Amino acid sequence: MSLLRIDDVTVQFGGITAVDHASFEVEAGTVTGLIGPNGAGKTTCFNVITGLQKPTGGRVHLQGKDITRMSVHSRAHRGIGRTFQRLEAFGSLTVRGNVQVAFDIHDGVRGLLRAPAHRADALLERVGIAEYADERADAVPTGTARLLEVARALACEPRLLLLDEPSSGLDEAETEAFGQLLIELAAEGRTILMVEHDMDLVMSVCGMLHVLDFGSVIASGTPNAIRGDAKVQKAYLGYSETEHAGETTREFDEPVTAEIPAAGR
Ligand SMILES: Nc1ncnc2c1ncn2[C@@H]1O[C@H](COP(=O)(O)OP(=O)(O)OP(=O)(O)O)[C@@H](O)[C@H]1O
Ligand SMILES: [Mg+2]
């Protein structure tokens, strides 16, 4: 049985269909990618999975249990954790303080910063930002702030971790180390579903990919299968989105010459 199953989920915002009868599964202990062009509905899918967005139709199952009507809090309690595309850390607290607060919330402790510093520091070490522990969270580089989000999510010991564009702002070496961390987390039994635009990262760490385009799942498969999929190449490469007279249309940026890169390791 898969850990997560999205069944025929649709989300409409007024006249916009952000997610259109999407179905996909995520196996336990894997790193799975949810990819697709800007506006494809990826973040909206995450919001449906975490309970922030009520779907217009369809169901969400976690370990075979229907959680479609469950609150955000109950889902978190059942082990769904996430990071946000927009950064959400407490800017006036230190990097360490932000992780301590996450531990406190997870532990159900009243009052802030009760979790011991060394517990937070171990997580900061793990995600590779220990050197920033004493800095204010609003003063660190974007990449560091993203890794802080991952550390805060990990403090809650999620079974299923949803990452929304975690690598933006990371340099090449940081991205490589981050990919390694994801592989380790999966090997320890955590399940990761990642929205990510860095195709090198996606292709090298994900065992399975689901591709969204205009809210629909247009392909599901291994990175190799997805790389060779004509529909995916058409949806993904050489197009840009432009707003024109209130309508979203796709135009060619330049001739389609790029290829989805081969797996890095
Ligand atoms: N709260 C909302 N109200 C109205 N429309 C929305 C809302 N949230 C998202 N949308 C629209 O739904 C569609 C899907 O948006 P979504 O943010 O899920 O895409 P995405 O795949 O995460 O894109 P990106 O790669 O740019 O983050 C877009 O057309 C977006 O404008
Ligand atoms: Mg998004």
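1. How many bridges join strand β1 to strand β2, and do the two run parallel or antiparallel? Seven bridges join them, and the strands run antiparallel. Strand β1 covers residues 4–13, and strand β2 covers residues 16–26. Keep in mind throughout that this is a predicted model.

2. Look next at one pair in this hairpin. V9 has A22 as its bridge partner in β2. Two residues lie between the strands of the hairpin. G14 takes a positive phi there, near 55 degrees.

3. β1 also pairs with strand β4, residues 57–62. This pairing is antiparallel too and runs over five bridges. Here T10 has G57 of β4 as its bridge partner.

4. Now put these strands together. They belong to an open sheet of four strands, in the order β2-β1-β4-β5, with antiparallel pairing. β2 and β5 (65–66) each have a single partner strand, so one side of each is left without a neighbour in the sheet.

5. Strand β7 (residues 160–164) and strand β8 (residues 191–195) pair in the parallel sense. Five bridges hold the pairing. L162 has L193 of β8 as its bridge partner.

6. Which residues surround ligand 1? The shell consists of F13, I16, A18, G36, N38, G39, A40, G41, K42, T43, T44 and Q85. α1 supplies the largest share, three residues. By class, the shell has four nonpolar, seven polar and one charged residue.

7. Turn to the helix pairs. Two packed helices are described by the angle between their axes and the distance between the axes. Helix α3 (residues 95–107) and helix α5 (residues 142–155) pack at about 25 degrees, with axes 8 Å apart. Angles under 35 degrees count as roughly parallel, so α3 is roughly parallel to α5. Their crossing is right-handed.

8. What makes the contact between α3 and α5? α3 gives V95, N98, V99, A102, F103 and H106. α5 gives L148, A151, R152 and A155. Seven residues of this contact are nonpolar, two are polar and one is charged.

9. α3 also meets helix α4, residues 117–127. The axes come within 9 Å and cross at roughly 110 degrees. The range 65 to 115 degrees counts as roughly perpendicular, so α3 and α4 are roughly perpendicular to each other. On the α3 side, the contact uses V95, R96, V99, Q100 and F103. On the α4 side, the residues are A117, R119, A120, D121, L123 and L124. This contact has seven nonpolar, one polar and three charged residues.

Notes: Residues are numbered from 1 along each chain as its sequence is written. Chains are lettered from A and ligands numbered from 1 in the order in which they are written. This is a predicted model: local features need pLDDT of at least 70, side-chain atom pairs count only at pLDDT 80 or more; totals for chains, interfaces and linings use all residues. Two strands pair if DSSP finds at least two bridges between them. A residue is near a molecule or strand if its C-beta atom, placed from the backbone, lies within 6 Å of it. Ala, Val, Leu, Ile, Met, Phe, Trp, Tyr, Cys and Pro count as nonpolar, Asp, Glu, Lys and Arg as charged, and the others, Gly among them, as polar. Axes are lines fitted to C-alpha atoms, for helices over the stretch in contact, and angles run from 0 to 180 degrees between N-to-C directions. Angles under 35 degrees count as roughly parallel, over 145 as roughly antiparallel, 65 to 115 as roughly perpendicular and the rest as oblique. A crossing is left-handed if the near helix is turned anticlockwise from the far one by less than a right angle, and right-handed if clockwise. Two residues are in contact if their C-beta atoms, placed from the backbone, lie within 7 Å.
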